[in-house]
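Thanks for making time this morning. I'd like to walk you through one structure, a piece at a time. Please keep the view open as I talk.

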Amino acid sequence: MKEVLLELERRRAAAREGGGQRRIDAQHAKGKLTARERIETFLDEGTFEEFDMFVEHRSTDFGMEKTRISGDGVVTGWGTVNGRTVFVFAKDFTVFGGSLSEAHAEKVVKVQEMALKNRAPIIGFYDAGGARIQEGVAALGGYAEIFQRNVLASGVIPQISVIMGPCAGGDVYSPAMTDFIFMVRDTSYMFVTGPDVVKTVTNETVTAEQLGGASVHTVKSSIADGAYDNDVEALLQMRRLIDFLPTSNTADLPEVECFQPVSDPDYSLDRLVPDNANKPYDIRELILKTCDEADFFEIQTSFAKNIVTGFGRVEGRTVGFVANQPMVLAGVLDSDASRKAARFVRFCDCFNIPLVTYVDVPGFLPGTAQEYGGLIKHGAKLLFAYAEATVPKITLITRKAFGGAYDVMASKHLRGDINYAWPSAQIAVMGAKGAVEIIFRKDIDDPDKIAAHTKMYEDRFLSPFVAAERGYVDEVIMPHSTRTRIARALRMLRNKDLQNPWKKHDNIPL
Ligand code: HXC
């Protein structure tokens, strides 16, 4: 028996070595952790249960039969994050560059199926060279098996991808179908085809970083939802994110202790909105002052900064925040902001996370660039997302809510449950200047008349009361009471039960 046990230990040790010490050292020299180190850092200490440690590839081409390495380039299994079960897989770059073989794909599929069956989040750590070149179609088939499971799990369990090294070719599409993608700055990149192919096909000369580094995907393409400076920071932030998320679409919201009473007024908020309607202020301040302990996990911080999205908690329960940001482009809605917010709203709705929306929006961004780029369809995505969402929806208009953007931003008419406004709110078809120049065009050369018309328009529309008179705003609230009022509203809405008509699925404008 002793020999048998020792043999197991020997086999385990060999599997843990992956591609060998030389390749592990090379990984460390690049500032990267190994697959197992990543999993150990991410999970609660000592909770990792590994699957398929001894799986090997079955390829016999190109001398592959002589190079079988236990685990075959991916480490899979499950463990806990602050006590809650999560499934994990981590590509092992030290084994055939983490490339995907048929056997490697089967390992990933197994954890995907386990995660779905057991209704727990799944998180993948990527550091790989794409399809195993020696395997051909078996590797391509393996990818498609993974993609299919990504789609079936979408909206049922949270799926998160963290790119921590190369991620190219077949490896990019599974992350693209997960809920969130995060990257590590300077050591990770994602692209469908690499710089060499780009050079051949388009004659462009680019580095891997310029083509698909974190700076590209968090700022330009919006493929990634955030980036961190190194592996450890990324992994610890992923633990923080997991803590905000329910384990599945049928699980309760996670509850954590709240140390900040919601009954405390915050008088600084009474001074947040400047007197001058054209002056910006930082909507993040309102979000942070609404969240328990100002703990806010922002999604897509560096993309479409004119809208802020992310998770916080109120009274210990997760809330999704969406807020126009007056600091950037006056908080206008453009195609990028609409897409960013729409995807976030849909994630929250999938997982029963209540939505709190802060509105200060001068409208949709005019111009050929926007119209040619499909603003109508992109704006419609956000409209569609809010309209279909059945989760509790609380909206607060802090200042401007003009034009179509008033409708879109979780208005009463899109089944907003509780719609508040601050006394500084202005709800109208457009700003006073634009309105007067259109409806009193004949007086355009008479400054006195224009001034009088403008004053009349402002008095009539640039307040929350016309909307409140119609019940489109449920109540005009004091800014200092915002956290208290939102907490109470969220409590009242805990048992909200609203269903959309049965359908196979909707047809959101893509
Ligand atoms: C087999 C691979 C591999 C692959 C890397 N390796 N990629 N083995 N299949 N796809 C091996 C290397 O041979 C090497 O083995 C080890 O991994 C490390 O690779 P290096 O090249 O030494 O590392 P580095 O210089 O850091 O470059 C990493 C890399 C590069 C940029 C990922 O290896 C690379 O370009 N690989 C090929 C990428 C690719 O074209 N993949 C196919 C994409 S097509 P040794 O033994 O020397 O350590 C695809 C289609 C699927 O994925 C589509 C489905 C939808």
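Start with strand β6, residues 180-184. This is a predicted model, so keep that in mind throughout. Five of the five residues in β6 are buried, so the strand is largely enclosed by the rest of the structure. Look at its two faces. On one side sit F180, F182 and V184, and on the other I181 and M183. These residues are all buried, so both faces are covered, with 20 or more other C-beta atoms within 10 Å being the cut-off for buried.

Which strands pair with β6? One is β5, residues 159-168, joined to β6 by four bridges. β5 and β6 run parallel. In that pairing, S161 stands opposite I181. Another is β8, residues 226-228, with three bridges to β6. That pair runs parallel too. Here F182 has G226 as its bridge partner.

D186 is in the loop between β6 and β7, and β7 covers 189-191. D186 is not a glycine, yet its phi is positive, about 70°. Most residues other than glycine have a negative phi.

N82 lies in the loop between β2, 74-81, and β3, 84-91. N82 is not a glycine either, and its phi is positive at about 45°. With 13 other C-beta atoms within 10 Å, N82 is partly exposed.

Next, a contrast with β6. Helix α7 takes in residues 195-202. How many of its eight residues are buried? Zero, so α7 lies largely in the open. After α7 comes N203, with a positive phi near 65°.

On to a helix pair. α4 is residues 102-117, and α5 is residues 137-153. Their axes come within 8 Å and cross at roughly 10°. An angle under 35 degrees counts as roughly parallel, so α4 is roughly parallel to α5. Which residues meet there? From α4, they include V108, V109, Q112 and L116. From α5, they include Y143, I146, R149 and L152. By class, the contact has 11 nonpolar, three polar and four charged residues.

A405 lies in helix α15, residues 403-408. It has 25 C-beta neighbours inside 10 Å, so A405 counts as buried. What does A405 touch, leaving aside residues up to four places away in sequence? L333, V361, G363 and F364. A405 and V332 are 73 residues apart along the chain, but their C-alpha atoms are separated by 8.5 Å.

Last, the record. UniProt, in an unreviewed entry, lists "domain: CoA carboxyltransferase N-terminal" at residues 1-257. In the model, that span is 40% helix and 18% strand. Its end C-alpha atoms are 49 Å apart. The unreviewed UniProt entry also places "domain: CoA carboxyltransferase C-terminal" at residues 264-504. That span is 37% helix and 19% strand. Its end C-alpha atoms lie 46 Å apart.

To recap, hold on to two elements. β6 is largely enclosed, and α7 is largely in the open.

Note on methods: Residues numbered from 1 in each chain as written. Predicted model: local features only at pLDDT ≥ 70, side-chain atom pairs only at ≥ 80, totals over all residues. Buried ≥ 20, exposed ≤ 12 C-beta atoms within 10 Å, placed from the backbone. Helix = DSSP H or I, 4+ residues; strand = E, 2+ residues; numbered from the N terminus. Pairing = 2+ DSSP bridges. Axes fitted to C-alpha atoms, helices over the stretch in contact; angles between N-to-C directions. Parallel < 35°, antiparallel > 145°, perpendicular 65-115°, else oblique. Contact = placed C-beta atoms within 7 Å. Nonpolar A, V, L, I, M, F, W, Y, C, P; charged D, E, K, R; others polar. UniProt positions renumbered as here; feature names shortened; annotations may be inferred.
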